[in-house]
Amino acid sequence: MAKRSTKRANVPVEKAPVAIKQTMSKPISSYTDPEHLRTLMQNAKRMGREDIWRQAFDQLCSLEGATQTDPLDRAFYSTLAAYEQLLTQKNGRATRASRTRLKLKGKGVVACLEDWAKSKEPPESFELLVANGMVEMTGEQLVLTYPDRFSPEAVAGATARLATLTKAAPEA
């Protein structure tokens with residue numbers, strides 16, 4: 001005679017996802033250490049919390065320009081920090097925008113932004129920021145935010161470059 005199997009079939013039982021209630025020990029805006037912010041960003045990415053990742057990213061970028069008194073300079077350094085952080089993530093190792101920093105040291109913020117806006121091809125910083133949904137952090141956006149600080153050619157170049165994004169975007 002055949003024995004009856006007393007084992008139950010291994011049928012997976014679907015369970016409702018456990019709601020995890022997590023609270024931050026302090027607000028992201030109070031972080032002042034870039035390494036703590038980078039750790040927070042890694043943890044947020046791992047947990048699928050894009051909102052926390054973006055807040056930590058924005059705070060990290062704002063720390064770069066915090067010592068600047070001129071609003072344009074502060075915004076430029078935030079843009080530069082965003083670009084370098086995205087480069088680091090893209091390359092898998094710490095990456096600095098060496099040529100931009102050399103030009104910044106030699107010519108200043110306005111000259112860097114003028115060159116970016118007037119260039120025929122979009123700078124890598126523009127393409128990387130746009131690809132990551134950060135159009136508001138591009139140098140071209142800074143030129144349009146502070147048009148009185150730039151030549152009419154730079155303002156026209158920045159306007160034209162940003163206009164290509166709206167043309168390329170699918171219409172809803």
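A residue counts as buried when its relative accessible area is under 20%. In this predicted model, Arg-161 has a relative accessible area of 8% and is therefore buried. Arg-161 belongs to helix H8, which covers residues 152-168.

Which residues does Arg-161 touch, once residues up to four places away in sequence are not counted? They are Trp-116, Ala-117, Ser-119, Lys-120, Glu-121, Pro-122, Pro-123, Phe-126 and Glu-140. One of these, Trp-116, returns below as a residue of helix H5 that takes part in the contact with helix H4 and in the contact with helix H3.

## The chain as a whole

The protein chain has eight helices and zero strands, and its pattern, read along the sequence, is α-α-α-α-α-α-α-α. The chain has 172 residues, of which 34% count as buried. Its accessible surface amounts to about 11,800 Å², and carbon and sulfur atoms account for 54% of that surface.

Contacts can also be described by how far apart their partners lie in the sequence. When the contacts considered are those between residues at least 6 apart in sequence, 58% of them join residues at least 24 apart.

## Helix H5 against helix H4

Two packed helices are described by the angle between their axes and by the distance between those axes. For helix H4 (residues 98-107) and helix H5 (residues 109-118), the angle is about 130° and the axes are 7 Å apart. H4 and H5 are therefore oblique to each other.

On the H4 side, the residues that meet H5 are Thr-100, Lys-103, Leu-104 and Lys-107, while H5 contributes Val-109, Ala-111, Cys-112, Asp-115 and Trp-116. Sorted by class, this contact of H4 with H5 holds five nonpolar residues, one polar residue and three charged residues.

## Helix H5 against helix H3

Helix H3, which spans residues 71-91, also packs with H5, here at an angle of about 60° and with the axes 10 Å apart. An angle of this size makes H3 oblique to H5, and H3 passes H5 in a left-handed crossing.

The residues of H3 that make the contact are Leu-72, Asp-73 and Phe-76, and those of H5 are Val-109, Val-110, Cys-112, Leu-113 and Trp-116. By class, the contact of H3 with H5 comprises seven nonpolar residues, no polar residues and one charged residue.

Leaving aside residues up to four places away in sequence, Glu-114 touches Phe-150, Ser-151 and Ala-154.

Asp-115 is likewise found in helix H5, but at 30% relative accessibility Asp-115 counts as partly exposed. Again not counting residues up to four places away in sequence, Asp-115 touches Lys-103 and Lys-107, two residues that are also listed for H4 in its contact with H5. Asp-115 and Ala-154 are 39 residues apart in sequence, and their C-alpha atoms are 7.8 Å apart in space. Ala-154 is also one of the residues that Glu-114 touches.

Notes: Residues numbered from 1 in each chain as written. Predicted model: local features only at pLDDT ≥ 70, side-chain atom pairs only at ≥ 80, totals over all residues. Heavy atoms only, no water. Axes fitted to C-alpha atoms, helices over the stretch in contact; angles between N-to-C directions. Helix = DSSP H or I, 4+ residues; strand = E, 2+ residues; numbered from the N terminus. Parallel < 35°, antiparallel > 145°, perpendicular 65-115°, else oblique. Contact = heavy atoms within 4.5 Å. Nonpolar A, V, L, I, M, F, W, Y, C, P; charged D, E, K, R; others polar. Buried < 20%, exposed > 50% of the residue type's maximum accessible area, 1.4 Å probe, protein only. Areas by Shrake-Rupley, 256 points an atom, 1.4 Å probe, with all protein chains shown as cover. Left-handed = near helix turned anticlockwise from the far one by under 90°.
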